[in-house]
Amino acid sequence: MKMPLHPVWDLESIFSGGSSSEAFAAYLSELETDVRKLQETLNQTVAPATLEDTEAFDPILELLQNCYVRISEGSAFVSCLSAQNQQDKKATQLQGTVSSIAAMLSSSKSKFDNTLSQMPEDVWAEWLERPEIQPLSFVLNESRTQAKEKLSPELEGLALDLAVDGYHGWGKFYNTIVSKVNIPFEQDGETVMLSAGQAANKLSDSDRAVREQVYASWEQAWTDVEDFCADTLNHLAGFRLKLYEKRRWHDILKEPLSINRMSRQTLDTMWEVINGAKPVLVQYLERKAQLLGVDKLSWSDVEAPVGKSVGKVTYDEAAQTIVEQFAKFSPKLSSFAEMAFEKRWIEAEDRPGKRPGGFCTSLPLSKATRIFMTFSGTASNVSTLAHELGHGYHQHIMEELPALNQRYAMNVAETASTFAEMIVADALVQTASDEQEKLALLEDKIQRSVAFFMNIHARFLFENRFYEQRKKGLVSADELSRLMVEAQEEAYCGVLASTHPHFWASKLHFYLTGVPFYNFPYTFGYMFSAGIYARAQQEGTAFAGKYDDLLRDTGRMTVEELAQKHLGTDLTQPDFWQNAANLVIADIEQFLEMTSDIK
């Protein structure tokens with residue numbers, strides 16, 4: 001790999017000119033024309049009555065998949081423009097255009113699915129046996145079943161159209177709110193204004209005075225915009241609940257579970273195992289409080305580093321480490337990461353104006369990905385980089401599949417990313433130069449376990465309770481903060497001295513409209529990947545091929561089927577989840593042993 005690497009991504013090779021790109025404007029215009037053509041064709045299409053009639057469906061199915069690939073490409077490009085510069089007004093306008101086209105495509109898909117639902121059973125069964133169609137049988141069966149549970153295509157289309165300026169509009173308004181949030185920070189005798197993304201990085205600073213200063217300003221900044229955030233969250237939930245009511249869906253988890261292709265039994269079993277492991281996490285948090293010299297951890301202490309790391313890691317050093325460690329599991333994974341660094345698929349520069357957080361987005365037409373984060377040289381940043389590269393590799397493995405088979409859910413999407421993160425985190429711990437560095441890296445790894453077992457659980461509890469209250473009417477900002485505190489106290493087993501009341505306002509995930517309940521799939525992905533990682537440790541490098549096969553199937557099976565086929569395990573039972581939790585417990589036991597001399 002050639003050094004030094006450039007930490008700013010290349011968007012010009014996708015569409016030159018950024019948000020003013022003429023090529024992108026022409027691309028969207030052509031895509032809109034094709035989506036309208038698809039819409040008109042489907043308006044005139046009736047359900048096939050014979051096997052011969054189904055052949056007329058072939059070009060429709062081909063155009064549908066082609067449009068999905070292109071809207072994904074366009075959406076990804078606009079997401080990159082908006083993330084790299086929150087003040088890019090043209091990017092915001094382009095998001096509106098892309099959302100309108102996506103809504104038309106979703107409406108067309110709804111009509112397509114409804115047509116599938118009207119096909120006679122014998123014709124349906126014969127159609128799925130055709131060699132051209134058989135590879136898509138899972139997603140087509142899924143679409144047909146879901147169509148029977150929704151409104152008429154006309155009403156579903158109307159809801160999707162209204163969602164552009166309603167539901168999705170409120171989601172985008174949250175981005176406007178965040179772009180105006182600035183957090184003051186005292187540095188070298190001067191007050192500097194940090195973006196939300198920059199301030200979030202300082203919440204895990206090694207200096208407790210810095211963390212406390214930033215956290216106080218952070219909480220105040222979100223308090224200042226709480227009414228805007230509360231309005232936004234209420235309207236997002238209200239839209240969703242009204243749509244569920246019209247569809248006669250009474251369980252608020254019906255849609256997220258369906259999207260994630262998993263059963264309620266699997267979800268409940270996972271949380272039961274996690275709750276059983278929490279006493280060990282409480283021991284860790286209590287020991288951490290001793291190490292930091294406090295009676296109980298405050299919210300800003302949870303992600304504070306323990307031990308002494310070797311200091312800041314450069315972007316080049318992080319890249320080298322990731323490529324080398326990936327190679328020990330899979331040369332294919334390592335080669336992908338090297339390509340991503342060299343082709344500048346990664347935006348990592350620490351600068352003002354960027355949105356907070358990190359993501360990986362797919363460009364299926366270009367057969368590429370783009371990764372976004374803010375790299376400030378911490379061990380956690382290295383893990384995030386590995387995590388997002390795992391996402392990219394997942395898409396890389398699937399890029400030759402039919403478009404509909406590439407549409408995997410968030411929970412399994414988090415599997416590849418978390419697996420990649422574990423490879424690097426374990427390697428860093430094992431190769432640490434001394435005990436203090438080893439302790440720091442082990443503790444950073446355990447912090448992520450706390451996030452998935454406790455922080456994400458708090459989000460899950462909060463959203464469930466918020467939606468139940470929202471059914472009765474608008475929920476005030478004060479009440480939202482009360483629900484958040486209640487959920488955090490329960491999820492963290494009361495071990496913290498303070499909570500984060502405005503976490504509901506500061507966390508982007510509550511405002512994303514693409515996937516409802518953007519919480520439990522993270523924990524599922526973490527636990528699922530931990531179980532897979534345990535298997536990989538048993539089988540060694542021979543597992544790499546099996547791992548690729550598992551990823552390739554993530555868009556055409558339920559998670560229960562996926563685990564049964566590739567791992568021979570039943571996710572509705574606790575055994576698999578307990579094996580995953582045991583890895584976390586082992587890390588904490590090692591941490592407790594290494595710090596046993598603390599009085």
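Q: Is L158 buried, exposed or partly exposed?
A: L158 is partly exposed, because its relative accessible area is 45%. Keep in mind that this is a predicted model.

Q: Where is L158 found?
A: L158 sits in helix α6, which covers residues 153-165.

Q: Which residues make the nonpolar surface patch?
A: The patch is made by L155, L158 and L162. Its area is about 280 Å².

Q: And charge: which residues gather in a patch of negative charge?
A: Five acidic side chains gather there on the surface: E52, D53, E55, D122 and E126.

Q: Take E52. Where does it lie?
A: E52 is in the loop that runs between α1 (22-43) and α2 (57-84).

Q: Why does E52 count as exposed?
A: Because its relative accessibility is 56%, and the cut-off for exposed is over 50%.

Q: Switching to salt bridges. How many does the structure hold?
A: There are 33 salt bridges in the structure. Side chains of opposite charge can pair when their charged atoms come close.

Q: Start with R211. Which side chain does it meet in a salt bridge?
A: R211 pairs with D301, at 2.8 Å from N to O. R211 belongs to helix α9 (residues 208-224) and D301 to the loop between α12 and α13 (315-329), so this pair ties together parts that are 90 residues apart in sequence.

Q: Are R211 and D301 buried or exposed?
A: Both R211 and D301 are buried.

Q: What about E479, which residue does it form a salt bridge with?
A: E479 bridges to R482, with the closest N and O atoms 2.7 Å apart. Both residues are in helix α18 (residues 477-491), where they are three residues apart, about one turn of the helix. R482 is partly exposed, because its relative accessible area is 39%.

Q: Next, which residue does D553 form a salt bridge with?
A: D553 forms one with K565, and the closest N and O atoms are 2.9 Å apart. This pair links distant parts of the chain, 12 residues apart: D553 is in the loop between α21 (543-552) and α22 (559-567), while K565 is in helix α22.

Q: Which salt bridges share partners?
A: Bridges with shared partners join R465, E479, R482, E486 and E490 into one network.

Q: Back to D553 and K565. Is D553 buried or exposed?
A: D553 counts as buried, because its relative accessibility is 5%. K565 is exposed, since its relative accessible area is 52%.

Q: Which side chain of opposite charge is nearest to D10?
A: That is R370, 4.3 Å away. D10 is buried yet has no salt bridge. The cut-off for a salt bridge is 4 Å from nitrogen to carboxyl oxygen.

Q: What lies 3.0 Å from a polar atom of the D10 side chain?
A: The backbone nitrogen of E12 does. D10 itself is placed in the segment before α1.

Q: Where is P4 found?
A: P4 is also in the segment before α1. The peptide bond joining M3 and P4 is cis, with omega about -5 degrees.

Q: What do most backbones do in general?
A: Most peptide bonds are trans, and most residues other than glycine have a negative phi.

Q: What is phi at R248?
A: R248 has a positive phi of about 65 degrees, although it is not a glycine. R248 is in the loop between α10 (226-247) and α11 (254-259).

Q: And what is phi of R261?
A: Phi of R261 is near 50 degrees, again a positive value in a residue other than glycine. R261 is placed in the loop between α11 and α12 (264-292).

Q: Which of the two is buried and which exposed?
A: R248 is exposed, because its relative accessible area is 70%. R261 counts as buried, because its relative accessibility is 10%.

Q: Last one, Q406. Where is it found?
A: Q406 is in the loop between α15 (379-398) and α16 (410-430). Q406 counts as buried, because its relative accessibility is 13%.

Q: Which backbone oxygen lies 3.5 Å from a polar atom of the Q406 side chain?
A: The backbone oxygen of M398 lies at that distance.

Note on methods
Residues are numbered from 1 along each chain as its sequence is written. This is a predicted model: local features need pLDDT of at least 70, side-chain atom pairs count only at pLDDT 80 or more; totals for chains, interfaces and linings use all residues. Side-chain values use heavy atoms; hydrogens and water are left out. Patches are made of residues with over 30% relative accessible area and no salt bridge: like charges are joined within 9 Å, nonpolar side chains (Val, Leu, Ile, Met, Phe, Trp, Tyr) within 5 Å. Accessible areas come from the Shrake-Rupley method with a 1.4 Å probe; for residues, only the protein chains shown count as cover. Lys and Arg count as positive and Asp and Glu as negative; His and the chain ends are not counted. The place of a charge is taken as NZ of Lys, CZ of Arg, CG of Asp or CD of Glu. Helices (H or I, at least four residues) and strands (E, at least two) are DSSP runs, numbered from the N terminus. Buried means under 20% relative accessible area, exposed over 50%, partly exposed in between (1.4 Å probe, protein chains only). A polar contact is a pair of N or O atoms within 3.5 Å; within protein, one must be able to donate a hydrogen and the other to accept it, and residues adjacent in sequence count only if both atoms are side-chain atoms.
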